[in-house]
Amino acid sequence: MSAALPEYYFRVRENGAVVFKIDTENRQRRIEMDQIAVINIRNGEVKPHGQGTLTEADKTEIARWMDERKALLARRDVDDIHRTIDHLNLTTQWAQSKATDTQLEDITDRLLLAMHDLRTVLVRKKADRLDKG
């Protein structure tokens with residue numbers, strides 16, 4: 001662990017984070033984490049903890065973290081889609097070379113419906129993009 005700790009700590013939770021201010025400047029030299037806010041990444045809401053108010057520095061750091069978090073989640077979404085494409089290719093290979101009739105019977109209808117649903121959405125979105133262009 002490095003000697004210099006960050007001034008803020010963000011405990012990630014679903015839809016956002018709990019924000020803590022880090023304090024090591026106390027008599028016992030212990031790390032104290034004082035909750036200062038709860039943030040919702042989806043709607044951009046920042047709620048100060050209790051009756052506290054946020055300083056401009058707090059607001060700036062929270063806004064910076066939210067921007068970084070949104071960018072990270074967007075990159076993860078795209079990465080998940082690329083993994084899905086790989087997984088579909090692996091599933092195709094499995095179905096062609098290894099799957100038993102019983103295994104195929106178990107997954108075929110659900111997989112075909114999911115693929116049909118995906119194809120319908122992708123074709124509609126592609127048509128919308130072509131109409132705009």
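Does Asp106 count as buried or exposed, and at what relative accessibility? At 52% relative accessibility, Asp106 counts as exposed, where exposed means over 50% relative accessible area, buried means under 20%, and partly exposed lies in between, with a 1.4 Å probe and protein chains only. Before going further, please keep in mind that this is a predicted model, in which local features need pLDDT of at least 70 and side-chain atom pairs count only at pLDDT 80 or more, while totals for chains, interfaces and linings use all residues. Residues are numbered from 1 along each chain as its sequence is written, and side-chain values use heavy atoms, with hydrogens and water left out.

Asp106 lies in helix H2; helices here are DSSP runs (H or I, at least four residues), as are strands (E, at least two), numbered from the N terminus. On the surface, Asp106 gathers with Asp101, Glu105 and Asp109 in a patch of negative charge. A patch is made of residues with over 30% relative accessible area and no salt bridge, like charges being joined within 9 Å and nonpolar side chains (Val, Leu, Ile, Met, Phe, Trp, Tyr) within 5 Å. The accessible areas come from the Shrake-Rupley method with a 1.4 Å probe. Lys and Arg count as positive and Asp and Glu as negative, leaving out His and the chain ends, and each charge is placed at NZ of Lys, CZ of Arg, CG of Asp or CD of Glu.

There is also a patch of positive charge on the surface, formed by Arg124, Lys125, Lys126, Arg129 and Lys132. Lys126 sits in helix H2, which covers residues 101–132, and is partly exposed because its relative accessibility is 44%.

Opposite charges come next. Side chains of opposite charge can pair when their charged atoms come close. The structure holds 7 salt bridges, each being a side-chain nitrogen of Lys or Arg within 4 Å of a carboxyl oxygen of Asp or Glu. In one of them, Asp58 meets Lys21 with the closest N and O atoms 3.2 Å apart. This pair links distant parts of the chain, since Asp58 is in helix H1 and Lys21 in strand E2, 37 residues apart. Asp58 is buried at 3% relative accessible area, whereas Lys21 is partly exposed at 25%.

Arg83 pairs with Asp79, with 2.9 Å between the closest N and O atoms. Because they are 4 residues apart in helix H1, about one helical turn separates Arg83 and Asp79. Arg83 is exposed at 55% relative accessibility, and Asp79 is partly exposed at 34%. Salt bridges with shared partners also join Glu7, Lys21 and Asp58 into one network.

Finally, the rings. A pair of aromatic rings is described by the distance of the centres and the angle of the planes. A search of the whole structure finds 2 aromatic pairs, counting rings of Phe, Tyr and Trp (its six-membered ring) with centres within 6.5 Å, and calling planes under 30 degrees apart stacked, over 60 edge-to-face and the rest tilted. Tyr9 and Phe20 make a tilted pair, at 6.1 Å centre to centre and 35° between the planes. Tyr9 belongs to strand E1 (residues 8–13) and Phe20 to strand E2 (residues 16–23). Tyr9 is partly exposed at 37% relative accessibility, while Phe20 is buried at 7%. The rings of Phe10 and Trp65 have centres 4.7 Å apart and planes at 5°, so this pair is stacked. Phe10 in strand E1 and Trp65 in helix H1 (residues 56–97) are 55 residues apart, and both are buried.
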